[in-house]
Amino acid sequence: MLRSLILLCVTLLAVPATAQEVYRFGDDAYMAGDNVTLTGDAVDDAFIAGNTVVLSASVNGSAHAGGRSVSISGPVGKSLYAAGLNVNMSGGVGDDAHLIGDTVLVNNDVGGDLRAAAQRIEINGAVGDSALVAAENILLTGAIAGDASFSVDNLSFGDDARIEGTLYLYAEDPNDIDIPDSVVPQDRISRHNIDDFDASADPEGGATLDRSGPGVGAWLVGTITSILILTAIATLISALAPSFLLALRLRTLETPARALWMGFLTISALAGSLFLFALTGFGILLIPVSIVLAVLLGIAGYVIGTYILGVGLLGATNRPLPETLSERAIAALVGAVAITVLAMIPFIGWVATLAIAIAGAGALVIRWFAPGFYTEVR
């Protein structure tokens, strides 16, 4: 089934893209090409990718747009997701707006949250909820109804700028940024050094890093837990498919360079197919499939590589190949501990860990598809 799905994806890559042809399916619109423009009747959801993207039709649901230059002039009923070198949002957004670019212009209202990252951003419309913005230069001329978190170098305001909630300000020297009381009173400003930002921290505290840290005990418990989980998964696979895993192990230990090469090629092909799928127009529908396949192959390669590493280390001590379930569990545990310790080595640890995962993925690809090079063409 998986092989058939991959072959189907590759076949669809050959379908040519038509820049101005809209593929509609279930009231949704899909477009891709060089210069693309969506006009006409309203659609439910829109998915657009190209060099220059213009969305002027009304979107009742959510809009997804990506390109060098992206212009959203039509209203979006729900959420907007846009990324490009230049992003200009001049149509209103009913829910949340997620914007990424070098220059981002928010020239209309956002009903929900605004989340943006740019080199320069202008917020000229009203934001109905909170705003999370990271940019070198921020100009605020509109009103933000909720909290605002700004990671910024230069911050300026228009006459009508206002923040109703708390402003969490992150900068190299946050005390040097002057904020008028008309925008937000000083008692509702929380100033932090840029290094204090932590996206995983409690949002009620403005995502500020807790420098006390979780402690050595919590780190040790987390590390041991991850080792045990990895051991359990590898042991389960070795118990369910011992012959299959044996073939993978022998093939990888005999030709590790080939396994590493095939894993690199396959994961690179799956990741690179995202752009080619987008060019086919309706191939955008298959982008999630490509992402899922790449992630699953990487996870499977990591688990398989961990087990093979454990077997290889035991073999280096003149231990026989594992045959019973307990021996396989010991090999999985040795591999899990080894790859965890390996990942802690500065600079080279993550490279070695990545190589082991890619080699495991390559062994899986070789076992399933048996690809070959320099074969005779008939």
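Predicted model: local features only at pLDDT ≥ 70, side-chain atom pairs only at ≥ 80, totals over all residues.

Reader: How many helices and strands make up the secondary structure of the protein?

Author: The elements are counted over a protein of 378 residues, of which buried residues make up 38%. The secondary structure comes to 7 helices and 14 strands.

Reader: What share of the accessible surface belongs to carbon and sulfur atoms?

Author: The accessible surface of the protein amounts to about 19,300 Å². Of that area, the share belonging to carbon and sulfur atoms is 62%.

Reader: Among contacts between residues at least 6 apart in sequence, what percentage joins residues at least 24 apart?

Author: A contact requires heavy atoms within 4.5 Å. Taking the contacts between residues at least 6 apart in sequence, those that join residues at least 24 apart account for 25%.

Reader: Which residues are linked in a network of salt bridges?

Author: The whole structure contains 4 salt bridges. In one of them, the side chains of R115 and D96 meet with an N to O distance of 3.6 Å. R115 also forms a salt bridge with D113, where the closest N and O atoms are 3.1 Å apart. The network therefore rests on pairs within the 4 Å limit, and its members are D96, D113 and R115.

Reader: How many residues apart are R115 and D96, and where are they found?

Author: The pair of R115 and D96 links distant parts of the chain. R115 is in strand β7 (residues 114–123), whereas D96 is in the loop between β5 (80–89) and β6; they are 19 residues apart.

Reader: Is D96 buried or exposed?

Author: The limit for a buried residue is under 20% relative accessible area. D113, at 12% relative accessibility, is buried, and R115, at 32%, is partly exposed. Because its relative accessibility is 15%, D96 counts as buried.

Reader: What is the distance between the closest N and O atoms of R162 and E164?

Author: R162 has a relative accessible area of 39% and is partly exposed. E164 is also partly exposed, at 40%. The two form a salt bridge, and the closest N and O atoms are apart by 2.4 Å.

Reader: Which residues gather in a patch of negative charge on the surface?

Author: Membership requires over 30% relative accessible area and no salt bridge. D102, found in strand β6 (residues 97–106), is partly exposed at 34% relative accessibility. The patch consists of D102, E136, D153, E172, D173, D176 and D195.

How values were computed: Residues numbered from 1 in each chain as written. Heavy atoms only, no water. Patch = residues over 30% accessible without salt bridge, like charges linked within 9 Å, V, L, I, M, F, W, Y side chains within 5 Å. Areas by Shrake-Rupley, 256 points an atom, 1.4 Å probe, with all protein chains shown as cover. Lys, Arg positive; Asp, Glu negative; His and termini not counted. Charge placed at Lys NZ, Arg CZ, Asp CG, Glu CD. Helix = DSSP H or I, 4+ residues; strand = E, 2+ residues; numbered from the N terminus. Buried < 20%, exposed > 50% of the residue type's maximum accessible area, 1.4 Å probe, protein only.
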